[in-house]
Amino acid sequence: MIEYENLARSNSQYMQELEQAATRVIQSGWYILGQEVAAFEAEFAQYIGVKHCIGVANGLDALILSIEALDLPKGSDILVASNTYIATILAIVRAGHQPVLVEPELETFNMDPAKLSGAMTNRTRAICVTHLFGKSCRMDAICAFATEHGLKIVEDCAQSHGAKLSGRMTGTFGDVGCFSFYPTKNLGALGDAGAVVTNDDALADRLRHTRNYGSKQKYVNDYVGVNSRLDEMQAALLRVKLRHLDEMIQYKRILAEIYFDNLPSWLHLPRRRDDEYDVFHIFGVRHKRRDELRAWLLEHGVKTEVHYPIPPHRQKAMSGIISGCYPISEELHASELSMPISVGHTEDDIRTVCAIFDKATSRFASA
Ligand SMILES: *Cc1c(COP(=O)(O)O)cnc(C)c1O
């Protein structure tokens, strides 16, 4: 059986370093907001190429706190992709604003810049882009649109650590970049963790305090803050994983190349462009009879996933918040299939998956 993902196997490659880091934290006797968090923030800021990184408890909080910190008028419209993971939309709602869904491009799963102008209202104040599956959105077009209309940009980089467009890192295009280090992400902690990156000094200063009760000085509170801190243990483990991030991305890109070379032509593969450095958090293909194909693959020893089975506008939580029709999102949610791709897989695993797909040709080649 080829698993979709095995985190124990992926993390065991770094076992010795992880154990050393964990021991260092245990022995330090200091577990919240200390040297490890400060060091990780500095190292991650340097990796992304920004002035500031603020560690927080998870990716959702990174988004909520960032959107809040922009101080937009309550109830502003914020443009967001109709097929993003629900967290991006939840964050907009939690921060007191109205999500306005923009349909993605079928070939990239990412927000279609051509559809931004049709979604504008006189209350639109920001765009929240998600670099889904590890591929950068077309930030050239999106930033130009935002500048033209005076909109803020929040980047949801929860799936795009290290992804670039024209050599520029995701997370550096907007006013803020929000990262999740949920264990399955390309840079994954061994628990919950997240971070915000920005070049804006005032925004960084505010976030540094809102994550910690809004307190600049112990027992003195300047903002109505929350408790959303990255802890020392996760920061120490993330420092280990960050050192291996580039080699891990390069390895996943090799696995992706095997898919591009060997998967049958009756599958829709992700679009590739020379200026996009895709980190393949997820390798998402499309097929009209996705569920049947997925069941067949499982019978033949390949586990796959679906990202995601239900579009945001169909979620019960969104009734009364989102209305309208989103046919492209519907089509993507009905046809997307996520292939095994992780540092826990060998190149042979991926070749085996491709060979099994070949066997499926007579059955699935015609839609
Ligand atoms: C994982 C993810 C999040 C949320 O991250 P958590 O750390 O689980 O809160 C937000 N947005 C996207 C696109 C994600 O994939």
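Start by selecting T346, in the loop between β14 (336–339) and α13 (347–359). Helices (H or I, at least four residues) and strands (E, at least two) are DSSP runs, numbered from the N terminus. This is a predicted model, where local features need pLDDT of at least 70 and side-chain atom pairs count only at pLDDT 80 or more, while totals for chains, interfaces and linings use all residues. Residues are numbered from 1 along each chain as its sequence is written, and side-chain values use heavy atoms, with hydrogens and water left out.

Is T346 buried, exposed or partly exposed? Its relative accessibility is 39%, so T346 counts as partly exposed; buried means under 20% relative accessible area, exposed over 50%, and partly exposed in between (1.4 Å probe, protein chains only). Contact here means heavy atoms within 4.5 Å. Y251 is 95 residues from T346 in sequence, yet their C-alpha atoms are 9.6 Å apart in space.

**Colour the two domains**

Next, colour domain 1 (7–102 + 112–243) and domain 2 (245–364) separately. These bounds come from an automatic or database domain assignment. The domain centres, taken over C-alpha atoms, are 25 Å apart. On the contact between them, domain 1 brings 36 residues and domain 2 brings 35 residues.

Together the two domains bury about 3,000 Å², with 56% of it on carbon and sulfur atoms. Buried area is the accessible area (1.4 Å probe) that two parts lose on being put together, summed over both. Select F133, K135 and N186: they supply 25% of the area that domain 1 buries against domain 2, more than any other three residues.

Then show E276 and R138, a salt bridge whose closest N and O atoms are 2.9 Å apart. The term stands for a side-chain nitrogen of Lys or Arg within 4 Å of a carboxyl oxygen of Asp or Glu. How many salt bridges does the rule find across the interface of domain 1 and domain 2? There are four across this interface.

**Look into the core**

Select F40, F44, Y47, I48, F181, L187 and L238, the residues with the most contacts inside the largest nonpolar core, which has 35 residues. Such a core is a set of buried Ala, Val, Leu, Ile, Met, Phe, Trp, Tyr and Cys residues joined through side-chain atoms within 4.5 Å. Among the elements giving two or more residues to this core are α2 (15–28), α3 (35–48) and α10 (245–262). Why does the core lie between the domains? Domain 1 and domain 2 both give residues to it, so it lies between them.

Zoom in on I48, which is in contact with M169, T170, T172, F179 and V197, leaving aside its neighbours within four places in sequence. A second, separate core of 30 residues includes I64, V80, V176 and M318.

**Two last stops**

Move to helix α8 (residues 201–210), where the buried residues include L203, A204 and L207. The buried residues of α8 pack against several elements, among them β1 (52–56) and α4 (59–69).

Finish at W30, in the loop between α2 and α3. W30 is exposed, with a relative accessible area of 52%. Beyond its neighbours within four places in sequence, W30 is in contact with V25 and E232.
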